[in-house]
Amino acid sequence: MKEQLAKITQTIEQAAQTVGKSKQDIMLIGVSKTYPIEAIEKAYHLGITHFGENKVQELMAKQEQTQLPIQWHFIGHLQRNKVKYLIGKVVLIHSVDSLKLAKEIQKESKKKGVTTSILLEVNVAKEPSKYGFYIEDVVDALKEIATYSHVKVEGLMTVAPYVEDPELNRSIFRKLFQLSVDIQNQNIDNISTKWLSMGMSNDYHVAIEEGASSIRVGTALFGIRDYSKELE
Ligand SMILES: *Cc1c(COP(=O)(O)O)cnc(C)c1O
């Protein structure tokens, strides 16, 4: 894992340089779904402090298994009936894919007296199998969520298609970056574009070259995933 991380760090550094950034400008999230807490703790001791999970139950189980002050991110499709378990437990929910979900997060956050940071998930390529807002619907959604007292939008996220050649995703990343710039230019109250969460093991270098500030890397760090270990 140490070697894998060294490789990832070097790749981040190189990609960041091409856009005038340094590796500190890129938040590396270790996507730990299906991997045991031991692997997460090992990665933590190598310097990764942000971890992403895509199942509420699995996230909660892992939180109970460790004492480390890990910054947890939620990156999977979130059902509204599970929102109440998640509020207060994660630093960022990347995958808010509907207004109904945002409204539920507002409701539960208000109940608990906390403000929840979220990203809007965008289905850039309009893939039928994926969740997320279409690009043309994002600004209207943001204007609505901007009125929520206990939700703070901090940017955008996308899950690009899995492709052998990461160059094939470049235009998708570029479109999300452009949307982020457009939103920034609109100066909507209570809306920030701090995070652009895009890029995974296969294509994170391309994502960084196109403006990603947060990348979600699983396989390249932890190795091939065994989905039979997945909960739910
Ligand atoms: C699993 C997952 C990742 C990480 O994928 P890898 O290819 O293993 O790096 C990133 N983002 C989301 C939303 C995921 O579900």
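Select helix H7, residues 170-186, and look at what its buried residues pack against: helix H6 (138-145), strand E6 (151-157), strand E7 (191-197) and helix H8 (204-209). Packing here rests on contact, meaning heavy atoms within 4.5 Å. Helices (H or I, at least four residues) and strands (E, at least two) are DSSP runs, numbered from the N terminus.

This is a predicted model, in which local features need pLDDT of at least 70 and side-chain atom pairs count only at pLDDT 80 or more, while totals for chains, interfaces and linings use all residues. Residues are numbered from 1 along each chain as its sequence is written, and side-chain values use heavy atoms, with hydrogens and water left out.

Stay on H7 and colour its buried residues: Arg170, Ile172, Phe173, Leu176, Leu179, Ser180 and Ile183. Buried means under 20% relative accessible area, exposed means over 50%, and partly exposed lies in between (1.4 Å probe, protein chains only). An α-helix has 3.6 residues a turn, so residues three or four places apart point the same way. H7 has 17 residues and reaches 25 Å from its first C-alpha to its last, close to the 24 Å expected at 1.5 Å a residue. The expected span is 1.5 Å times one less than the number of residues.

Step just past the end of H7 to Asn187, which takes a positive phi of about 50°. Most residues other than glycine have a negative phi.

Two other stops show a positive phi. Select Thr34, in the loop between E1 and helix H2 (37-45). Thr34 is not a glycine, yet its phi is about 75°. Is Thr34 buried or exposed? Thr34 is buried, with a relative accessible area of 7%. Then go to Lys126, in the loop between strand E5 (116-121) and H6. The phi of Lys126 is near 50°, and at 39% relative accessibility Lys126 counts as partly exposed.

Next, show strands E1 (residues 27-31) and E8, which pair in the parallel sense over 4 bridges. Two strands pair if DSSP finds at least two bridges between them. Find Leu28, which stands opposite Ile215 in E8. Both faces of E8 (residues 214-217) are covered: Ser214 and Arg216 are buried on one side, Ile215 and Val217 on the other.

Now select the ligand. Around the ligand are Val31, Lys33, Ile75, Val159, Met200, Ser201, Arg216, Val217, Gly218, Thr219 and Arg225, each with a heavy atom within 4 Å of the molecule. Which distances separate ligand oxygen atoms from side-chain N or O atoms?

- Lys33: 2.6 Å from an N or O atom in its side chain to an oxygen atom of the ligand.
- Ser201: 2.5 Å from a polar side-chain atom to an oxygen atom of the ligand.
- Arg225: 2.4 Å from an N or O atom in its side chain to an oxygen atom of the ligand.

Taken alone, the ligand exposes 390 Å², and the protein buries 88% of that. Accessible areas come from the Shrake-Rupley method with a 1.4 Å probe.

Move to His73 in strand E3. At 1% relative accessibility, His73 counts as buried. The side chains of His73 and His94 are joined by a polar contact of 2.9 Å. A polar contact is a pair of N or O atoms within 3.5 Å; within protein, one must be able to donate a hydrogen and the other to accept it, and residues adjacent in sequence count only if both atoms are side-chain atoms. Leaving aside neighbours within four places in sequence, His73 is in contact with residues including Met27, Ile29, His50 and Phe51.

Finish at Pro69, in the loop between helix H3 (56-65) and strand E3 (71-74). Pro69 is exposed, with a relative accessible area of 60%.
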